Amino acid sequence: MAEAAAPRSPLAGLGKALAEMRADGVTIAEGPARTRLNLRLDQKDVEALTAAGAVLGGSLPRTPNTAATTVNGTALLWLGPDEWLVTGSAEAGAQLEDTLRARLDGRHHALTDVSAMYATIALSGPLAREVLMKGCRLDLHPRAFAPGACVQTSLAKANVILHQTDDAPSYEITVRNSFSVYLATWLLDAMAEHRPA
Amino acid sequence: MLWIDCPWCGARPETEFRYGGEAHIARPDPATTDDAGWADYLFMRSNPKGVHAERWMHREGCRRWFNALRDTVSNDVLTIYPMGTARPDAPGDEAGGG
């Protein structure tokens, strides 16, 4: 990866509004800068799946609508039967990509850096589920949607990757840059009823 | 709201999907097909009242295509099956074939 100016978040303009939002039982924040790699592998190529898993430090999830977290904190999100989103720290990025590419060399695969395509919004707290339910048709009840669940769906008509990371519950919402301001604004509005009186 | 069972993601609302028209329409060889045959391939669809084989794609989810048998009267999705496989039988399927 060539040296470039520090990336500017598409949510930078909403920084103040996000920082000043106070609501009982739910918090919102822009997620940290992330490296995001879209990885596609032949699902029948067990050796390639194993090799990728070894580089990443955990096996790629094969169960739809799930995500795995590796020992070094990289999240592996299931996107399709032969497609995953690898999200790591911003610093890990270039090295992770190079290592993966070297390890998969000669195997049928596609590895694309899509870091700059998405923004991340972190929503957390006992009422986070209620807020999401205003715009999401899927069943988010704990019996159906628990930590480790990761779906691609529409949230308030925006296409998102919704990943529940813990029991708080905390959600990490990955959304395309162009939808991020709309979605963050929608979430702020959805949280407004929980503002302290 | 019509719920469709994505073969990968499970039951999802219809609005997450894209409809892809009638399934099992084979493209003829343009070198050996006359205009009528080509027009038939391009434009003529079966439009049945009853069970219809059609293509769907989970646009907002896994983005995979699959085939479905849907009853055009009740709007029930009867069966989901992979692309490239023959049309399965469905209860009350009188149209048969593909």
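Analyst: Start with one term: domain bounds come from an automatic or database domain assignment. This is a predicted model, in which local features need pLDDT of at least 70, side-chain atom pairs count only at pLDDT 80 or more, and totals for chains, interfaces and linings use all residues. Residues are numbered from 1 along each chain as its sequence is written, and chains are lettered from A and ligands numbered from 1 in the order in which they are written.

User: How far apart do the C-alpha centres of domain 1 and domain 2 of chain A lie?

Analyst: Domain 1 of chain A covers 12-32 + 117-192. Domain 2 of chain A covers 34-115. Their C-alpha centres lie apart by 24 Å.

User: Which strand of chain A gives the most to the side of domain 1 that touches domain 2 of chain A?

Analyst: Two residues are in contact if their C-beta atoms, placed from the backbone, lie within 7 Å. The contact takes 12 residues from domain 1 of chain A and 10 residues from domain 2 of chain A. Helices (H or I, at least four residues) and strands (E, at least two) are DSSP runs, numbered from the N terminus. On the domain 1 side, the most comes from one element, with 3 residues: strand 8 of chain A.

User: Which strand of chain A gives the most to the side that touches chain B?

Analyst: Here 10 residues of chain A are in contact with 10 residues of chain B. Strand 4 (75-80) and strand 8 (150-155) of chain A are the elements that give two or more residues to the chain A side. The one that gives the most, with 3 residues, is strand 8 of chain A.

User: Which strands of chain A do the buried residues of helix 3 pack against?

Analyst: A residue is buried if 20 or more other C-beta atoms lie within 10 Å of its own, exposed if 12 or fewer, and partly exposed in between; C-beta atoms are placed from the backbone. In helix 3 (residues 93-103) of chain A, the buried residues are Gly93(A), Leu96(A) and Glu97(A). They sit on the same side of helix 3 of chain A because they cover an arc of only 95° around the axis, the arc being that of the directions from the helix axis to the C-beta atoms. They pack against strand 2 (34-41), strand 5 (83-89) and strand 6 (109-113) of chain A.

User: Which pattern does chain B follow along the sequence?

Analyst: Chain B has 1 helix and 6 strands. Read along the sequence, the pattern is β-β-β-α-β-β-β.
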